[in-house]
Amino acid sequence: MSQLNRRQALKLFAALGAAGVAGPALAACGSGGSDDSGDRSPVKIGMLVPQSGAYKTIGDEQTYGFELYVRLNGNKLGGRPVQLVYADEGESAGSGKAALAKLLKQDQVQVLCGVANSLVMEAIKDDVEAAQTPLLGSNASPTTLGGVRYIWRTSYVNDEPGQALGKYVAERVGRGSVFLAAADYAAGHDIVGGFLKTFKPAGGKVAGEPMYTPFPDGNDFGPVFSRVRASGASAVFCFYGGTQALEFVKQYHDAGLKQPIYAPGFLTEGSILKQEGDAAKGILTAMNYSPDLDNQANRRFV
């Protein structure tokens, strides 16, 4: 591991790990950690996040959260000054790989952080491993991301929000059925798969086959709503994030559909929720984090 020895990297990542979440780790690493190696040179951290495209809003929140934690700790992590360098993940495998190459070759960062899109995470996995540059992933976490040595994650595995909702939705719907819709890429398939793992054993019934819609450019959800109506489903389970989440919720409301919606928290998060307004009322979501978590570390973060 060039420029950072293993001990330094572990101390740095103890501090970095708290930047991705606002749970107990934030309080535990409130001082930003310390480095007794005597090295006080800046650590150059590459922020690989969407600055454009469908997931820009998620990228913005990843960036704001990380920058906030750095500021709260005097612009130091592991006792060393921090220099942040940014690259636009975009919304495709190609744009993600190009952004990674910029950070590694042009900017020569020592550590990477971010990645919103599972499509990008899958595309860059081998490049990160080959470069032996630590990546702290703060969002994207496909189920296929196994056996890696240089990628840590503060987030959950993609199928977990769906699993958290499956049994609950089955009990709420009872004898009715649920229509499934999701963006057609790794995260969408993972989340639907996770939902079915707990939904079906709890007696849940699926209304027809899951409907996967184009990603990232599929913002016309009229065909989905037509299928929902024709299916006779009692409820809808879906996965969308960023601009697709905003469009799905607004169009669903405008279409006059009355079936309740269940989804991972991306559907109603942060600035997206503010834009959705009253159209989001009644939607129930599951997520690993909420600004309403009532603990000291989160109150400080919020």
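Buried means under 20% relative accessible area, exposed means over 50%, and partly exposed lies in between. The exercises below apply this to a predicted model.

**Exercise 1.** Find which residue forms a salt bridge with Lys56, and decide whether Lys56 is buried, exposed or partly exposed.

*Solution.* Lys56 pairs with Asp60 in a salt bridge whose closest N and O atoms are 2.9 Å apart. The two residues are four apart in helix α3 (residues 56-72), so about one helical turn separates Lys56 from Asp60. Lys56 has a relative accessible area of 36%, and therefore counts as partly exposed.

**Exercise 2.** Determine which parts of the chain the salt bridge between Lys197 and Asp159 ties together, and how accessible each partner is.

*Solution.* The side chains of Lys197 and Asp159 meet with an N to O distance of 3.1 Å. Lys197 belongs to helix α7, whereas Asp159 sits in the loop between β6 (151-153) and α6, so the pair ties together parts that are 38 residues apart in sequence. Lys197, with a relative accessible area of 51%, is exposed, while Asp159, at 10%, is buried.

**Exercise 3.** Describe how helix α6 and helix α7 pack, and which kinds of residue make their contact.

*Solution.* Helix α6 (residues 160-173) and helix α7 (residues 186-199) pack at an angle of about 40°, with their axes 7 Å apart. The two helices are therefore oblique to each other, and α6 passes α7 in a right-handed crossing. Among the residues making the contact are Leu165 and Val169 of α6 and Ile191 and Phe195 of α7. The contact residues divide into six nonpolar, five polar and two charged.

Key:
Residues numbered from 1 in each chain as written. Predicted model: local features only at pLDDT ≥ 70, side-chain atom pairs only at ≥ 80, totals over all residues. Heavy atoms only, no water. Axes fitted to C-alpha atoms, helices over the stretch in contact; angles between N-to-C directions. Parallel < 35°, antiparallel > 145°, perpendicular 65-115°, else oblique. Left-handed = near helix turned anticlockwise from the far one by under 90°. Contact = heavy atoms within 4.5 Å. Nonpolar A, V, L, I, M, F, W, Y, C, P; charged D, E, K, R; others polar. Salt bridge = Lys/Arg side-chain N within 4 Å of Asp/Glu carboxyl O. Buried < 20%, exposed > 50% of the residue type's maximum accessible area, 1.4 Å probe, protein only.
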